[in-house]
Amino acid sequence: MPTITAFETSPDRGRGQARDMRVRWALEEVGQPYDVRLVSFAAMKQPAHLALHPFGQIPTYEDGDLALFESGAIVLHIAERHAGLLPTDSNARSRAIAWMFAALSTLEPPIVELGMAVLFERDRSWYAERLPMLQERVRTRLGELSRRLGKADWLDGAFSAGDLMTVTVLRRLNNSGLLDEYPEIAAYVGRGEGRPAFRRAFEAQLAVFNAAARS
């Protein structure tokens, strides 16, 4: 049974935005049981964890003699080993993987930059001037994605690992109001959040936060 690592006390306060959520969701989609080892922020910087993740982050994935880091690489590994997250047609499979890369390389950077500014730069003198620029960068990507998605349920036919990664990235905008400007994308995220596997993964991550809050 694979073991993944997750925050002992998640900074997202149980909203399912920590990156182990992507791995949990993938494992739930393919029906693969897994164990979770919770790590503190201090433990993440210790040699034992750095041997698994050289940048001292989560998640990591261990299965037998295989150890992986980076959520995208872990989800791709799961998708390649189990049916359900990648199409059997080779061209469709390649397109699904391309969407995984797009989620992490094209969509996520401006979304994360906006989120970091909102969290950590509000008291800076230049925040009010910089915020509209960051929001516009995100709107540019959302507009492009909305035009590509159109009225389709998923990005390229059936639900795939590309959708899984894209939805988890877009969920970072849930409290920003930006998704409301793009109804097709908001509905797309809602479909992802409505999948039973997503709900199981979300509840599992939330349970960790709730347990930490009670202790």
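## Helix H1 and its surroundings

In this predicted model, helices H1 and H8 cross in a right-handed manner. Helix H8 spans residues 196–214, and its axis comes within 8 Å of the axis of H1, at a crossing angle of roughly 135 degrees. Two packed helices are described by the angle between their axes and the distance between the axes. Angles from 65 to 115 degrees count as roughly perpendicular and angles over 145 as roughly antiparallel; H1 and H8 are therefore oblique to each other.

The contact between the two helices involves several residues on each side. From H1, Asp20, Met21, Arg24, Trp25, Glu28 and Glu29 take part, and they meet Ala197, Phe198, Arg200, Ala201, Phe202, Ala204, Gln205 and Val208 of H8. An α-helix has 3.6 residues a turn, so residues three or four places apart point the same way.

How many of the residues of H1 are buried? The count is 10 of 11, and the helix is thus described as mostly covered. The buried residues are Asp20, Met21, Arg22, Val23, Arg24, Trp25, Ala26, Leu27, Glu28 and Val30. After H1 comes Gly31, which has a positive phi near 75 degrees.

Strand S1, residues 3–7, is mostly covered, with five of its five residues buried. From S1 the chain passes through H1, residues 20–30, to S2, and this β-α-β crossover is right-handed. S1 pairs with two strands, S2 in the parallel sense and S3 in the antiparallel sense. The table sets out these pairings.

| Pair | Sense | Bridges |
|---|---|---|
| S1 and S2 (residues 35–39) | parallel | five bridges |
| S1 and S3 | antiparallel | two bridges |

Individual residues illustrate both pairings. Thr3 has Asp35 in S2 as its bridge partner, and Ile4 has Tyr61 in S3.

Strand S3 also marks one end of a loop. Where does His53 lie? His53 belongs to the loop that runs between helix H2 (47–50) and strand S3 (60–63). Is His53 buried or exposed? A residue counts as buried under 20% relative accessible area; the value for His53 is 2%, and His53 is therefore buried. Apart from neighbours within four places in sequence, His53 is in contact with Ile58, Pro59, Thr60, Phe69 and Glu70.

Conventions. Residues are numbered from 1 along each chain as its sequence is written. This is a predicted model: local features need pLDDT of at least 70, side-chain atom pairs count only at pLDDT 80 or more; totals for chains, interfaces and linings use all residues. Side-chain values use heavy atoms; hydrogens and water are left out. Helices (H or I, at least four residues) and strands (E, at least two) are DSSP runs, numbered from the N terminus. Buried means under 20% relative accessible area, exposed over 50%, partly exposed in between (1.4 Å probe, protein chains only). Contact means heavy atoms within 4.5 Å. Two strands pair if DSSP finds at least two bridges between them. A crossover is right-handed if, with the strands pointing away from the viewer, the path from the first strand over the helix to the second runs clockwise. Axes are lines fitted to C-alpha atoms, for helices over the stretch in contact, and angles run from 0 to 180 degrees between N-to-C directions. Angles under 35 degrees count as roughly parallel, over 145 as roughly antiparallel, 65 to 115 as roughly perpendicular and the rest as oblique. A crossing is left-handed if the near helix is turned anticlockwise from the far one by less than a right angle, and right-handed if clockwise.
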